[in-house]
Structure formats: C-alpha cells, structure tokens
Amino acid sequence: MRFPRLFASGPAGSGFPPSWLLVSGPLLLVLLLLGIRFGFDEHAVFAFFRTHRQAHPDFAAVFQFFTDAVNPAFYGVFLFLLIKAWKEKRPGLKRFVLVWIAVQLAVSLLAVRGIKSIIGRPRPGEDPFFQTMTNRPSYHSLPSGHTTEAATTCTALGLRLGRTLPSLALGLLLALLGFSRVYLGWHHPSDVFFGWALGGVAGLAVHLFSHKE
C-alpha cells in the first residue's frame, strides 16, 4: 500500500469506533498493565523505573529518543500533507491540516499549559503536595503534554484513514510515547491517562470539523 493512497479520498466513514479503538487500545493496555503490576501505586512505578534507568542507561536512551522525536516527526508529516493538498488542489485535505494546527494550538499549547498551572501536580519524585496556580515546571505533571499532543495527532490520523494497519501502527507509536513519559520519570501513569483522554477528544474534534472533502 503506497503512502499517497492513504489520503486519496475523504475521511473514511467507518473510522469510528474501530480506528479509535486501535489507536487508543495499546496505550490503555500499557497503563492497565502498569496498574496491575504495581497495584496502582504510582510511587512504586516511579521507584521501579528510576532504578531500572540507572541500571540500564541504554533503555533510557531509547525511550528518550521516542519522547523527543515522535511529536516533531508528526510536524513533518503534516507539512508534507499541507504541500500535497496545495499541489493537488485538495481543499478537504488542506482543511484537515489547518484544523489540526488550530486544535493543537488551542489544546496542546494553551489548554494543557493552563491546566498544568491551575492543578499544580508535582512531578514524580517531587514533594507530595500540589501547588495550584504555579508556573514552576516541577509542578506541571498533570496532564502529560507530550501524550496530549500525540493522542490528538494519532486519533485524528487514525479516524481519517479508517484502516486497520495504519491505525494500529499509530496506536503502538502513541503507546511507546506515553510509556516513555512514565519510564523517564516525567509523569505518573495517571498524567498520561488524562493526556490521552484530552488528546483523544481533541483528535475527535479535528475529525468532526474537517470530515467533509
């Protein structure tokens, strides 16, 4: 299957819920398994992976790559789609990209930062007390911004494509990114969960506001 064919027509009408489940399922399964393994004790999760990082720096390097590279890589994908839409005179595809940009700016940039500051949840390893209405990054744990941004993108792409293998691939990528945030000690599993929830709604909004070709 050639990549250009994936966007040869408008969004697939059957993309929801099958594609949504394929995109979201792997990450939700990872979070569930972490909860079962550690008895839903997020402090135990942090302590375990902190020890693992120290013992296995190569693993930490791999997950650092995922946490740094996934969202920027998607910028390149959407730039390609915007150029494709312009060259092929595809107003529907152009609308999809522009709506994605608008939603990412509104949700991942503005809303997430506002929620982080208002809630003020400490990151793993910090003191246990929340500091509401703070600009201190060490108290910006909830929700995971990386996960929100990736969930928005993966959900929007999965729903538009409406195909099994691409949706599952996006889901696995999202799961790796979400797990990397926990493994590297930047977020609690619940931060990643709420990032997924917020990003899933944002991705659905992209789909709904750009579904006409």
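In this predicted model, helices α4 and α5 cross in a right-handed manner. Helix α4 covers residues 91-119 and helix α5 covers residues 145-161. Their axes lie 10 Å apart, and the packing angle is about 155°. Because angles over 145 degrees count as roughly antiparallel, α4 and α5 are roughly antiparallel to each other.

The side of this contact contributed by α4 consists of Gly 92, Leu 93, Phe 96, Trp 100, Val 103, Gln 104, Val 107, Ser 108, Val 112 and Lys 116. These residues meet Gly 145, Thr 148, Glu 149, Thr 152, Thr 153, Ala 156, Leu 157 and Arg 160 of α5. Sorted by class, the contact of α4 with α5 contains eight nonpolar, seven polar and three charged residues.

Helix α5 also packs with helix α6, which spans residues 164-183. The axes of α5 and α6 come within 9 Å and cross at roughly 175°. The two helices, α5 and α6, are therefore roughly antiparallel to each other. From α5, the residues in contact are His 146, Thr 147, Ala 150, Ala 151, Cys 154, Leu 157, Gly 158 and Leu 161. Their partners in α6 are Pro 166, Ser 167, Leu 170, Leu 174, Leu 177, Gly 178 and Arg 181. By class, the contact of α5 with α6 has nine nonpolar, five polar and one charged residues.

Aromatic rings were examined next. The structure holds 14 aromatic pairs. In one of them, the ring centres of Phe 38 and Phe 48 are 5.3 Å apart and the ring planes stand at 55°, so this pair is tilted. Phe 38 lies in the loop between α1 (18-37) and α2 (42-55), whereas Phe 48 belongs to helix α2. The two residues are 10 residues apart, and their pair links distant parts of the chain. Phe 38 has a relative accessibility of 12% and so counts as buried, while Phe 48, with a relative accessible area of 36%, is partly exposed.

A further aromatic pair is formed by Phe 193 and Phe 194. The distance from centre to centre is 5.4 Å and the angle between the planes is 80°, an edge-to-face arrangement. Phe 193 counts as partly exposed at 33% relative accessibility, and Phe 194 is partly exposed with a relative accessible area of 44%.

Ring pairs also join residues into a cluster, made up of Phe 38, Phe 48, Phe 49, Phe 63, Phe 179 and Tyr 183.

Key. Residues numbered from 1 in each chain as written. Predicted model: local features only at pLDDT ≥ 70, side-chain atom pairs only at ≥ 80, totals over all residues. Heavy atoms only, no water. Axes fitted to C-alpha atoms, helices over the stretch in contact; angles between N-to-C directions. Helix = DSSP H or I, 4+ residues; strand = E, 2+ residues; numbered from the N terminus. Parallel < 35°, antiparallel > 145°, perpendicular 65-115°, else oblique. Left-handed = near helix turned anticlockwise from the far one by under 90°. Contact = heavy atoms within 4.5 Å. Nonpolar A, V, L, I, M, F, W, Y, C, P; charged D, E, K, R; others polar. Phe/Tyr/Trp six-rings, centres within 6.5 Å; stacked < 30°, edge-to-face > 60°. Buried < 20%, exposed > 50% of the residue type's maximum accessible area, 1.4 Å probe, protein only.
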